[in-house]
Amino acid sequence: MNVRNCKKCNRLFNYVAGPPICPACKEDLEKKFQEVKKYIQDHNSVPMTVVAEECEVEISQLKQWVREERLVFAEGSGMALECELCGAPIITGRYCEKCKAETMNDLLGAGRQPLIQPTQQQKKDYTENPRMRFLDKK
């Protein structure tokens with residue numbers, strides 16, 4: 001059993017996976033997310049600082065929700081995060097579309113190319129090995 005203290009309220013809880021916060025704080029955080037989501041839907045192009053102030057949420061929490069692709073910056077808001085690979089501005093997630101495509105192509109390509117080409121493989125001659133025994137099929 002893995003017991004930890006909650007990062008938010010400092011209560012002990014059984015930790016399974018994810019952020020180290022207790023179930024009660026997770027529920028409160030989800031309620032806060034729904035509140036922020038509704039506020040953003042009602043006030044479309046409001047800057048992140050205003051959203052954080054009005055909804056009483058830290059800017060770091062808003063950025064985490066954007067990185068998790070739960071929230072998206074509006075196109076004309078002027079707000080953006082940076083791609084973790086190339087630094088290009090993005091409106092949601094961790095990577096820009098170019099880096100996502102390159103990563104997918106690399107992963108797909110790696111699965112299709114064998115390390116040793118079939119024509120380069122050497123066939124073993126088992127007849128020369130004195131330890132090899134063959135059974136006659138009758």
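Reader: How many aromatic pairs does the count come to by the ring rule?

Author: This is a predicted model, in which local features need pLDDT of at least 70 and side-chain atom pairs count only at pLDDT 80 or more, while totals for chains, interfaces and linings use all residues. Residues are numbered from 1 along each chain as its sequence is written, and side-chain values use heavy atoms, with hydrogens and water left out. Rings of Phe, Tyr and Trp (its six-membered ring) pair if their centres lie within 6.5 Å, and planes under 30 degrees apart count as stacked, over 60 as edge-to-face and the rest as tilted. By this rule, the number of aromatic pairs is two.

Reader: What is the angle between the planes of phenylalanine 13 and tyrosine 15?

Author: Phenylalanine 13 and tyrosine 15 are both buried (under 20% relative accessible area, with exposed over 50% and partly exposed in between, for a 1.4 Å probe and protein chains only). Their rings lie 6.3 Å apart, centre to centre, in an edge-to-face pair whose planes form an angle of 75 degrees.

Reader: Which helices hold phenylalanine 33 and tryptophan 65?

Author: Phenylalanine 33 and tryptophan 65 form an edge-to-face pair, with 5.1 Å between centres and 70 degrees between planes. Helices (H or I, at least four residues) and strands (E, at least two) are DSSP runs, numbered from the N terminus. The pair links distant parts of the chain, 32 residues apart, with phenylalanine 33 in helix 1 and tryptophan 65 in helix 3.

Reader: Which residues of helix 2 are buried?

Author: Helix 2 spans residues 48–55, and just after it glutamate 56 takes a positive phi of about 55 degrees. The buried residues of helix 2 are Met48, Val51, Ala52 and Cys55.
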